[in-house]
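Please examine the following model with attention to its charged side chains and to their surroundings.

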Amino acid sequence: MQKEELDFFKKWFLDYVDQFSSPEAFIQENIDLKIEHTSRVCENILLLAKAENLEKKGSRLAETIALFHDLGRFEQFTKYRTFNDLESENHALLGVKILENAEILTILSQKEKDLILKAVEYHNCMAIPECTETSSEFLFYLKLIRDADKLDILKLVSEDYEKEEEFRNPALEFDMPDTPGCSEKIVVDILNNRMAKLVDAKNLNDIKLLRLSWIFDINFPEAFSLLRERGYLKTILYSISEIEEVQVVRKHIDSYLNAIETRSRNKAMKMDIS
């Protein structure tokens, strides 16, 4: 992908989202939130791409995927007033439909076009798809966007939890009630190193735990390093009410992250020796 093509996509994106400007404060707040989120996901994906020594053309392709990954969010929130796909529609599929209807990707090669559309479609799936048509190149870019996206969502929600309750954004937590306890299914998923499911979330504690379970779908060492450095997980963990299940989850997550860090350090030492 050439720089001129990426510049064109950036201008088109800004023109597209501008149509969703609203005099209603609640709508505008969340449209702005997603514009800013997209910008930071682009920054994150470039950090990950640099750590993976991706060449310029590949980095531009990665940035384009990040630019378009949440394209469906703007229409979704304006129409349904929620980011909850279960209560509206799949924002990833909506984004693919918007891109296909706009036909802006026709300036690219068929390979690049297909890769972008596929990465947008699968970026929010529970698990990376296992099918014969997925190439190692596609899986690489899909993992990049999934990590870059999670990094910024964890930033957003951790910052929101540090605010006074009346200043928090309920759309970030899908309007879940702030009630005691947590879902046993979600705790079991975490203790088995699995991502939790939104369908099992019944309150705010569950949403916080669900977001923490995303660490089991982080793919790149640099993403783990950024999570450690930025402290998002710690903020979320200590924002949850002190109940026995949360203490168990906290210890498990700390143990998991320490094991990841140890493996990365040992791998780096072996590379230095060789």
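At 36% relative accessibility, Asn193 counts as partly exposed, since that class lies between the limits of 20% for buried and 50% for exposed residues. The model under discussion is predicted. Asn193 is placed in the loop between α8 and α9 (204-212). Which residues does Asn193 touch, not counting those up to four places away in sequence? They are Phe216, His252 and Tyr256. For one of these, Phe216, the separation along the chain is 23 residues, whereas the C-alpha atoms of Asn193 and Phe216 are separated by 5.9 Å.

Arg194 also counts as partly exposed, at 38% relative accessibility. The side chain of Arg194 meets that of Asp189 in a salt bridge, with an N to O distance of 2.9 Å. Asp189 is located in helix α8. Is Asp189 buried or exposed? With a relative accessible area of 4%, Asp189 is buried, because the limit for that class is under 20%. Once neighbours within four places in sequence are set aside, the contacts of Asp189 comprise Arg194, Met195, Ala196, Lys197 and Asp200.

The structure holds 14 salt bridges in total. Another of them joins Asp85 and Arg73, whose closest N and O atoms are 3.2 Å apart. Asp85 lies in the loop between α4 and α5 and Arg73 in helix α4, so this pair ties together parts that are 12 residues apart in sequence. Both Asp85 and Arg73 are buried.

A further salt bridge is formed by the side chains of Lys111 and Glu137, at 3.1 Å from N to O. This pair links distant parts of the chain, as Lys111 belongs to helix α6 (residues 110-122) and Glu137 to helix α7, 26 residues apart. Lys111 counts as exposed because its relative accessibility is 56%, and the limit for that class is over 50%. Glu137, at 31% relative accessibility, counts as partly exposed.

Which residues of α4 (residues 72-80) are buried? They are Gly72, Arg73, Phe74, Gln76 and Phe77. Their cover includes α1 (3-18), α2 (25-51) and α5 (91-102). Just after α4, Arg81 adopts a positive phi of about 60°.

Which residues form the negative surface patch? The patch consists of Glu164, Glu165, Glu166 and Asp178. One of these, Glu166, is found in the loop between α7 (136-161) and α8 (184-191). Glu166 is exposed, with a relative accessible area of 60%.

How values were computed
Residues numbered from 1 in each chain as written. Predicted model: local features only at pLDDT ≥ 70, side-chain atom pairs only at ≥ 80, totals over all residues. Heavy atoms only, no water. Patch = residues over 30% accessible without salt bridge, like charges linked within 9 Å, V, L, I, M, F, W, Y side chains within 5 Å. Areas by Shrake-Rupley, 256 points an atom, 1.4 Å probe, with all protein chains shown as cover. Salt bridge = Lys/Arg side-chain N within 4 Å of Asp/Glu carboxyl O. Lys, Arg positive; Asp, Glu negative; His and termini not counted. Charge placed at Lys NZ, Arg CZ, Asp CG, Glu CD. Helix = DSSP H or I, 4+ residues; strand = E, 2+ residues; numbered from the N terminus. Buried < 20%, exposed > 50% of the residue type's maximum accessible area, 1.4 Å probe, protein only. Contact = heavy atoms within 4.5 Å.
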